[in-house]
Amino acid sequence: MTYSEALAERIRHQLVGRTSMDEKKMFGGLGFFLNGNMCVGVWKESLVARVGPKQYDQALQEPFVSEFDITERAMSGWVLVAQGTTIG
């Protein structure tokens, strides 16, 4: 399965005008990088977001949010936001 180009376009729209932004295809998805560090991405139909360790537990309490775990090893500080939510 490929990633949602529609979601990727929504992210691009939100990031327009930012300097030092780059995007790269990776792991079957798309990552958006700020100053060389991934900050957000698209995996299948979901948004991948870096929330950091301090906000991680709180973010997991939100509707449609789960651990970012595509390899059976969750990445702490990163969440997966499923369809059904609004960004921007």
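**Exercise 1.** Which strands does helix H2 (residues 52-59) lie across, and at about what angle does H2 run to S6?

*Solution.* The model examined here is a predicted one. Begin with the placement of the helix: H2 lies across strand S4 (46-50), S5 and S6, and its direction makes an angle of about 35° with S6. Next, look at the residues of H2 that are buried, namely Gly 52, Tyr 56 and Ala 59. Seen down the helix axis, these buried residues fall within an arc of 85°, so they line one face of H2. That buried set packs against S4, S5 and S6, while the face turned away from it carries Pro 53, Lys 54, Asp 57 and Gln 58, which are exposed.

**Exercise 2.** Work out the order of the strands in the open sheet, and find which strands form its edges.

*Solution.* The sheet has six strands, and reading across it gives the order S1-S2-S3-S4-S6-S5, with antiparallel pairing. The edges are strand S1 (21-26) and strand S5 (65-67), each of which pairs on one side only. On average, neighbouring strands of this sheet are turned by 25° against each other, when direction is ignored.

**Exercise 3.** Determine which residues of helix H1 are buried and which strands are included in what covers them.

*Solution.* The buried residues of H1 are Leu 7, Ala 8, Ile 11 and Leu 15. Viewed down the axis of H1, they fall within an arc of 100°, so they line one face of the helix. The general rule behind such a pattern is that an α-helix has 3.6 residues a turn, so residues three or four places apart point the same way. The cover over the buried residues of H1 includes S1, S2, S3 and S4, whereas Ala 6 and His 13 are exposed on the face turned away from the buried side. Just after H1, Gly 17 takes a positive phi of about 90°.

**Exercise 4.** Identify the residues that touch the most other members of the largest nonpolar core, and the element that gives the largest share.

*Solution.* This core has 16 residues, of which Ala 8, Ile 11, Phe 32, Val 40, Val 42, Leu 47 and Val 79 touch the most other members. Two or more residues each come from helix H1 (5-15), strand S2 (29-34), strand S3 (37-43), S4, H2 and S6, and the largest share, four residues, is that of H1. Apart from this core lies another, of six residues, including Phe 33, Met 38, Trp 78 and Leu 80.

Note on methods
Residues are numbered from 1 along each chain as its sequence is written. This is a predicted model: local features need pLDDT of at least 70, side-chain atom pairs count only at pLDDT 80 or more; totals for chains, interfaces and linings use all residues. Side-chain values use heavy atoms; hydrogens and water are left out. Two strands pair if DSSP finds at least two bridges between them. Axes are lines fitted to C-alpha atoms, for helices over the stretch in contact, and angles run from 0 to 180 degrees between N-to-C directions. Contact means heavy atoms within 4.5 Å. Buried means under 20% relative accessible area, exposed over 50%, partly exposed in between (1.4 Å probe, protein chains only). The arc is that of the directions from the helix axis to the C-beta atoms. A nonpolar core is a set of buried Ala, Val, Leu, Ile, Met, Phe, Trp, Tyr and Cys residues joined through side-chain atoms within 4.5 Å.
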